[in-house]
Amino acid sequence: MRQLTYIFLTLVICVLSCESRKNVLFIVSDDLRPEIAAMYDKGNPYQMHDKMYTPHLDAFAERSAVFRKAYVQQAICGPSRASFMTGRRPDTTHVYNLDDYFRTVGGDFTTIPQYFKQQGYRTLGMGKIFHGGSASGGNYDKVSWSDDEEFFTSPSDKKYWRKRFKMRSWAVVNKTMEEEHPLGDQEITDHAIKSLRRLAPTAKLGLENFFMAVGFRLPHLPFVFPGRFLKYYPKETMKMPSNPYAPKDMPEYAWHGNGEIRNGYADITLRGFSKEPNTKWPEYLVKNLRRAYYASVSYVDSLFGKIMAELDRLGLRDDTIVMFGSDHGYELYEHSAWCKHTNFEIATRTPLMIRAPGVTDKGVMSDHLVEYTDVYSTLVELAGLPALPTCPKDSSKVKACTEGTSLVPVMKNPNLPGKQSVFMQYPRNRGPRIGTIMGYSMRTERYRYTEWVKFNGKPDFTPNWFLLFASELYDHYVDPDENVNRAGVQAYASVKAQLSKTLHAGWRAQLPS
Ligand SMILES: *[C@@H]1O[C@H](CO)[C@@H](O)[C@H](O)[C@H]1NC(C)=O
């Protein structure tokens, strides 16, 4: 009875004075390079597979801001997610691996969902949002989610698939198997739909808005997907990458050894591939893996489509901001590399699409350079919440601040200039004597520039620019696949000096004055 009175009173007050706030649906997939048909056109030099089947994401793109040049701050799951979920960079979260928890090693930072929760939203999560295990405190960062919402993970992944996953790098499941053991991402989707149905009535009345985070596991290895998605990728259309070799004059630090795929799956491990660059993998195996990756992307597209259809059916489309993204890009034997763990374009660039009712209805195609640290303040501005200040130099004690900038201005006016440079990094551990070498990388409209330098670890977490081990310079105007390191080429010397200055000045120098 008391609850009813409360709802009634809130309703009356709301009718009188509530501004209608928007819900947020925050959807991330894992290991997804911008392999979506909607992100292609003739002018886009990063075209990969030429016939992607992603109808739901394509339809979504038509009413979204599509950021085709969006970059993560470190191309591996845990650090990237810790970064964009807090709006701060790895040198602030101090998360560079899959084990560390930002609240332990960085500071008690307010995450995106936590901020929405503080502003009165119901926040709930499911699937892969933060990296699991110790990287999110063993409880998926409980404080980010509303107290009476339990963070949902896939039961059949836990009970069944996780054991099977170690055996094969890719596998097709048929209907019978799916019925016996639903795929994890299917369970996440079902839970998302159930949650939307439960939350819709109060959200539509304006009584309580929601922030719902949905994380797909695919297209992460192993590529386990329903066989029906293979038909979109006939075997004979599969191609090798145009550059199955390491860049000319690539420094050793840039290379990662393919450890994830070589050590993680029995069918690959038993082949005993070398960790060296330019290792030849049999063509049929490369093509099978590429095909399985594409099919996994199409599967994710279909699940995404189911969630979008439910949002429409419940009449929530115009009241809900929807973001779709991933934690980093992916190497499918480009540069003879697999997975991520590098500073290359293909590992650091990932899709970012934001559909904001009333703002992006006509669709916005943006080639601005944007960073995943920008997501936080963008969603905050779109939802009309109080803006976050830019973090001070030492923000370890500042709960809510950001090292990104809102993308709303360029969503509203694509002619506005964006950032001139965006930043990312990747560490290489060189043992107790040498310590960590950090690759600080930067993308400008034309170049990628990287310096591998000695890293001042705890307690500084800063680069030592004077101890330079190697540098890389790729000219995207003539070499969009980053096949030739031009850092040692005399004709680029003055450009390189300029880029080095910009890299050292860092992201703060890029802020609008
Ligand atoms: C489905 O896959 C399982 C396991 O590979 C197999 O035993 C079964 O015969 C398949 N069923 C159909 C209908 O193809």
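**Pockets and buried residues**

Modeller: The strand β12 supplies the largest share of the lining of the largest pocket, six residues. This is a predicted model, in which local features need pLDDT of at least 70 and side-chain atom pairs count only at pLDDT 80 or more, while totals for chains, interfaces and linings use all residues. Residues are numbered from 1 along each chain as its sequence is written, and side-chain values use heavy atoms, with hydrogens and water left out. Helices (H or I, at least four residues) and strands (E, at least two) are DSSP runs, numbered from the N terminus.

Biologist: Which helix gives the most to the lining of the second largest pocket?

Modeller: Among the residues nearest the centre of this second largest pocket are Lys128 and Arg162. Two or more lining residues come from each of α7, α9 (184-204) and α10 (259-264). With four residues, the one that gives the most is α7.

Biologist: Is Asp157 buried or exposed?

Modeller: Asp157 is found in helix α7 (residues 155-165). Buried means under 20% relative accessible area, exposed over 50%, and partly exposed in between (1.4 Å probe, protein chains only). Because its relative accessible area is 12%, Asp157 is buried.

Biologist: Why is helix α14 largely enclosed by the rest of the structure?

Modeller: Helix α14 spans residues 374-382. Its buried residues include Asp374, Tyr376 and Leu382.

Conventions: 1 Å grid on protein atoms, 1.4 Å probe; cavity = no way out; pocket = protein on both sides within 12 Å on 5 of 7 lines; lining within 4 Å.
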